[in-house]
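Good morning, everyone. Please put the structure up on the screen, and we will walk through it piece by piece.

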Amino acid sequence: MKSVYYVTTPIYYVNADPHIGTAYTTILADVLARYHRLMGRETFFLTGTDEHGDKIARAAAAQGIEPQQFVDKISGRFRSLWPQLNTVPDRFIRTTDPDHVRLVQTILQRICESGDIYFGEYGGHYCTGCERFLTEKELVDGKCPDHQTVPEFVQEKNYFFRMSRYQPWLVDYIHAHPDFIRPDRYRNEVLGFLREPLDDLCISRPRSRLTWGIPIPFDDNFVTYVWFDALLNYLTAIGYDRSDSWIIHWESVEHLIAKDILKPHAIYWPIMLHAAGIEPYRHLTVHGYWNFRDSKISKSSGRPVDVTPLLRFFGADVLRYFLMRDMVIGLDATFSIEMLVNRINSDLANDLGNLLSRLSKLIHNNFNDRLPEPPAHPGALAHQAASLVAAIEGYLSERKLHVIIEETLQLIRATNRYFDAEAPWALAKTDKKRCGEVLYESAEALRIAAVLLYPVMPSKMAELLSRLGEPVEDFLLTETAVWGRLRAGARVESGDPLFPRIESDTVLAALPELSAGKVLPPSPPASPDPESLLSIEEFTRVQLRTAKIISAERIAETEKLLKLSVDIGDGRRQIVAGIAEHYSTESLVGKTIVVVANLKPTRLRGELSEGMLLAAKSGGKLVLLTTDEEIPPGATIR
Ligand code: MSP
């Protein structure tokens, strides 16, 4: 029997239109599903919309329409956008779907009967943006840190779920299952939350205040709290209460979320499942935020980056490529048109697209559009391709999609170098057989790269493969990414550039609101100028050492300079540094920094400077290089 991979996105609130942030998780789920299919697994990809609760009721009221009419409209926009991004969910679920409403009521009834629900009164700080009560500790200056709004104080009688009872069980479960929540930083964050006592979860809202929700099955005066309702969508979609086969999916499920909704997914959800007698999910994979101009992309931050105009300019696959390549799962990433255009032009137009054009043009001119014969023995590119193919499963299990993409581009770059070194255009005149072999090898490397990038750019890579005479649909990595599958004599089509170059000025003229707001330095050349290369001997002449800052003082009549006294292990030194605009004198004392210890002493503004400190600079930001852990001053750096 085929193994199964079930992947979910959060179901999105319909109070805002889809934007780059929500598109990211949906594309990520689609790309992961496609990679798993390539590995031979049966996949099920779920996304949808979260349609109940205060937030939605208020958004509908603000437009003067009934909630049902409102949710139908916005949910429809999500549903119709996803296919335009080449994302193909197996089910698009809505929390207003009848099978979901029924399942929520079944589970509530079950948990109630097992004695984990009670009636009580509670007062707390409710953030409508998060749709949950925030603890005092979570507030920053009295506000919700995610939505920058002051939560409402809500006190009322409600039903409560005895979540606190299961706190020790959850801690043990997380310890016993190291890959339950990943990456580790989020697992640690959850264990951190769980060091504080957990409150019980308020799971109802009185109908007198909110009618837009699923009725509580055992008390008609209340509707279900939106998170208790929403999380259960992951079970509805696989037919938990309708068929026995749900378990096959459940055992392999991976929930994808951003860090904003870690607490409901990592705490409420496993406890709800456990209380209902269901094994917790398999994996929770947490990614960071896409930021735009230093703020999270979202409607509430005033920085929604709309997908539709981007799709018009760039098309789905190129956007998918940028989003998958430029986010390392777990960390935040930055969006701007400049970065998007740089990425497309350098990786896709220059490296990948150019290779295809050069190759197909030479085959057209010299071999009548037919793929020439391979060499008797495959060369170095075949080995590079084979080791990359063998590494894919490992990268996939570590969620290193950016590495799969980068390594594939390295294969393409190596092929371009091979092409340049062998100069098949010259060989065409002197040694046609060898010319054909070079073209065959380059085409084969490009084909394998296209197979590896297919999950990221399904339309573009299908087109590339078909131009190389190897059209494929549902294929397996083990069968397709094998060197030598291209058939000599197959028809190779040269056509328009697969990835036309894009000028950022043209896009920015149409979408000025999406500019980074600052001019980015041009991307560095592919390889450094040989004149600027250092030999190892030259580099080791620079003595780098750790130093501890003992005191810091401003230098009179300058805005930038500070005078630091530092301990460098075998004595004290004075260093003058231009960091006054970035660090206060008090914040520096005690820091362990990195200094160049064998620089000729000099005088700056009359002050002796016996060394230089190292700092990283990007745009207007400057940060000092420090050490990852405590280490005595004077330690050498290699
Ligand atoms: N309705 C809840 C989820 C319930 S799941 C049972 C919700 N909806 S949401 O519309 O606010 O979507 C939040 C999710 O959208 C994030 O967890 C993430 O998947 C995605 N993102 C929204 N903005 C994003 C960024 N700026 N960056 C990365 N992901 C983004 O919470």
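Predicted model: local features only at pLDDT ≥ 70, side-chain atom pairs only at ≥ 80, totals over all residues.

Strand β18, residues 544-554, pairs with strand β19, residues 562-567. The pairing is antiparallel, and it runs over six bridges.

Now widen the view. β18 and β19 belong to an open sheet of five strands. Read the order with me: β20-β19-β18-β21-β24, with antiparallel pairing. Which strands sit at the edges? They are β20, residues 572-577, and β24, residues 612-613. Each of those two pairs on one side only.

Strands of a sheet pair through backbone hydrogen bonds, and they do so either parallel or antiparallel.

Next, the whole chain. The chain has 638 residues, and 54% of them count as buried. Its secondary structure comes to 22 helices and 26 strands. The C-alpha atoms fill a box of roughly 85 × 75 × 50 Å, taken along the principal axes.

Here is a second open sheet. One example of a bridge: Ile117 has Phe161 of β7 as its partner.

Go to strand β1, residues 4-8. Is β1 enclosed or open to the outside? Five of its five residues are buried, so β1 is largely enclosed by the rest of the structure. Look at the side chains in turn. Val4, Tyr6 and Thr8 point one way from β1. Tyr5 and Val7 point the other way. All of them are buried.

What does β1 pair with? Five bridges join it to β3, and the two run parallel. β1 also pairs with strand β13, residues 253-258, again in the parallel sense, over three bridges. Keep your eye on Val7. In β3, Val7 stands opposite Phe45. In β13, the bridge partner of Val7 is Glu254.

Follow β3 onward. Strand β3 covers residues 42-50, and four bridges join it to β4. These two run parallel. Thr47 has Phe92 of β4 as its bridge partner. And β4 is covered on both faces. Arg91 and Ile93 are on one side, Phe92 and Arg94 on the other, and all are buried.

Then Ala258: a backbone N or O atom lies 3.0 Å from an oxygen atom of the ligand. Then Asp260: an N or O atom in its side chain is 2.8 Å from an oxygen atom of the ligand. How much of the ligand does the protein cover? On its own, the ligand has 680 Å² of accessible area, and the protein covers 94% of that.

Most residues other than glycine have a negative phi, and most peptide bonds are trans.

Now look at Asn86. It is not a glycine, yet its phi is positive, about 60°. Asn86 lies in the loop between α3 (67-84) and β4 (91-94). Its relative accessible area is 19%, and Asn86 is buried; the cut-off for that word is under 20%.

Asp294 is not a glycine either, and its phi is positive at about 70°. You will find Asp294 in the loop between β15 (290-292) and β16 (295-296). Buried or exposed? Asp294 counts as exposed, at 73% relative accessibility.

One more stop. The peptide bond from Arg182 to Pro183 is cis, with omega near -5°. Pro183 is found in the loop between β8 (181-182) and α6 (184-193).

That is the tour. Thank you.

How values were computed: Residues numbered from 1 in each chain as written. Heavy atoms only, no water. Pairing = 2+ DSSP bridges. Buried < 20%, exposed > 50% of the residue type's maximum accessible area, 1.4 Å probe, protein only. Polar contact = N/O pair within 3.5 Å; in protein donor to acceptor, adjacent residues only side chain to side chain. Areas by Shrake-Rupley, 256 points an atom, 1.4 Å probe, with all protein chains shown as cover.
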